[in-house]
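Here are my comments on the model. Please read them with the structure open.

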Amino acid sequence: MQKRSIVPILYIIFLLLPIYWLVAMSFKTTGEILSGFSLFPQTWTLENYRVIFTDPTWYWGYINSILYVSINTVISVIVALPAAYAFSRYSFLGDKHLFFWLLTNRMAPAAVFALPFFQLYSAVGLFDTHIAVALAHCLFNIPLAVWILEGFMGGVPKELDETAYVDGYSFPRFFVVIFIPTIKAGVGVAAFFCFMFSWVELLLAKTLTAVAAKPIAATMTKTASSAGYELGLLAAAGTLTIIPGAIVIYFVRNYIAKGFALGRV
Amino acid sequence: MKTQNNRAWFLVLPVLLLVAFNALIPMMTVVNYSVQETFGDNLFFWEGLGWFEQLLRSDRFHAALGRQFMFTGIILAIEVPLGIAIALSMPRKGFWVPVCLVTMALPMLIPWNVVGAMWNIFTLPDIGLLGYFMNHTLGIDYDMTQNPFAAWVTIIVMDVWHWTSLVVLLSYAGLMSIPDAYYQAAKIDGASPWSVFRFIQLPKLKTVLTIAILLRFMDSFNIYTEPFVLTGGGPGNSTTLLSIDLVKIALGQFDLGPAAAMSLIYFAITLLVSWLFYTLMTKDDAK
């Protein structure tokens with residue numbers, strides 16, 4: 001054990017404390033929570049989780065969230081792939097301006113767009129559908145996916161493309177059969193980021209849904225205010241929202257450091 | 001050298017259409033509102049630049065903007081050095097590397113309102129772990145619904161908890177890309193740990209740190225959900241950051257004109273600062 005590993009250890013403890021508290025809270029009974037402080041649950045209960053898994057308004061929240069996040073990830077990565085290829089391989093009229101404009105959308109505060117988004121998606125009849133939230137999240141996920149993929153594609157030598165064309169590959173066939181498998185780490189990282197930002201975003205998701213496509217996070221907000229102070233239930237729902245993220249991180253764990261550098265190291 | 005090929009536009013077209021649908025139409029709606037006054041019932045009156053003038057003179061906007069810059073400044077000043085320090089002391093290989101990386105990435109994948117709710121539960125004076133510890137073990141009076149200073153400390157600690165890992169992961173990726181030969185050369189020259197950091201590690205970190213600071217600036221400047229869930233902007237207005245104020249005006253009071261004008265100024269400030277920073281950081285590379 002080296003002396004300097006004390007810093008990451010302390011940091012990880014700091015990261016885990018609030019998460020521990022949330023998980024511990026989710027296994028406590030409401031009575032125990034309100035009666036006072038206890039470091040560990042005194043009487044373990046699964047009641048909070050039982051409520052979530054049996055009440056449709058709760059578990060549909062999860063299904064809704066996972067649905068629109070998946071749709072968004074698929075759309076973002078599919079349209080970003082050819083665009084990133086264009087930016088990394090060709091120069092064309094207005095390419096730099098377009099790239100910069102795309103990135104500016106990453107800077108727009110979601111609060112700015114909340115109301116116009118509501119009106120736009122109501123006008124085209126998509127309000128309260130999964131596809132509306134998935135499309136709205138494209139605003140910040142597509143630029144990010146293009147940026148990440150362009151970084152990874154820049155690391156692939158151009159000779160690969162040229163050899164393939166000499167061998168008689170057409171562009172679409174080359175792109176799907178050779179190029180995408182070559183940068184599959186980049187595709188994984190881009191998908192991870194799209195998942196991440198779509199999963200954690202709430203303001204737009206809440207604005208664009210009412211009942212049918214309501215995300216889990218919005219169900220939580222509503223329950224917290226309407227059903228009084230049901231902390232245990234809230235904690236259980238919160239704990240369950242951490243799980244999909246943890247699963248996704250596990251899949252990209254080998255690329256995570258490079259991925260966060262957007263392929264640019 | 002890239003090939004000149006204007007047909008590459010066809011590859012970009014789907015992205016352009018999707019983003020334009022989501023960005024241009026709402027943006028034009030905002031511009032449209034910002035120059036009009038409405039009394040409901042879809043009645044609109046031309047207002048010109050009145051909302052902008054009113055806003056730029058309004059104390060409420062100045063106060064919210066000031067709080068926003070203070071928040072962003074403080075979290076950058078903490079997260080960037082702390083992130084670099086943690087990345088420097090992380091293990092380079094072995095079993096603990098993936099464990100560290102996965103645990104550190106975890107906070108970033110928790111929905112933002114859950115982050116707020118989690119910190120709320122964590123800091124409740126008599127029930128939360130931190131709240132109980134502060135009040136009953138340390139004897140410090142800590143209640144963020146009453147005390148603005150406590151509320152500020154809490155939202156800053158929450159943001160440090162939530163996002164320092166981004167700086168750590170980026171810096172770590174940058175450090176891992178430094179070849180061992182550099183360190184060996186430094187050892188032969190008898191370089192001190194400080195000069196290794198200053199002349200070998202820091203220059204290599206420049207690109208990733210630019211990305212990290214840009215992302216942290218944009219996201220902390222636009223922060224809404226976490227402080228809103230945690231403090232609701234209170235006590236009083238003490239933690240009402242720019243986005244929280246904007247949503248209050250737009251959806252709470254339904255003052256569309258002022259809210260739209262504020263949105264545009266807000267967006268312009270974010271753009272300007274990001275552009276200035278990016279230009280300064282990449283100035284040397286362009287030469």
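1. A residue counts as buried under 20% relative accessible area and as exposed over 50%. The model is predicted. With that cut-off, B:Phe197 is buried, because its relative accessible area is 16%. B:Trp194 is exposed, at 58%.

2. B:Trp194 and B:Phe197 form an aromatic pair, with 5.8 Å centre to centre. The planes are 45° apart, and the pair is tilted. Both residues belong to helix H9 of chain B, residues 193-221. They are 3 residues apart there, so about one helical turn separates them. An α-helix has 3.6 residues a turn, so residues three or four places apart point the same way.

3. How many aromatic pairs does the structure hold over all chains? The count is 31. In chain A, ring pairs join several residues into a cluster: A:Tyr85, A:Tyr90, A:Tyr165, A:Phe171, A:Phe174, A:Phe175 and A:Phe179.

4. One charge placement deserves a look. B:Arg198 lies over the face of B:Phe199. The distance from the ring centre is 5.1 Å.

5. Now helix H5 of chain B, residues 112-123.

6. H5(B) is mostly covered. Of its 12 residues, 11 are buried. Among them are B:Trp112, B:Trp119 and B:Phe122. The buried set also includes B:Asn113, B:Gly116 and B:Thr123.

Conventions: Residues numbered from 1 in each chain as written. Chains lettered and ligands numbered in written order. Predicted model: local features only at pLDDT ≥ 70, side-chain atom pairs only at ≥ 80, totals over all residues. Heavy atoms only, no water. Helix = DSSP H or I, 4+ residues; strand = E, 2+ residues; numbered from the N terminus. Expected span 1.5 Å × (residues − 1). Buried < 20%, exposed > 50% of the residue type's maximum accessible area, 1.4 Å probe, protein only. Phe/Tyr/Trp six-rings, centres within 6.5 Å; stacked < 30°, edge-to-face > 60°. Lys NZ or Arg CZ within 6 Å of the ring centre and 35° of its normal.
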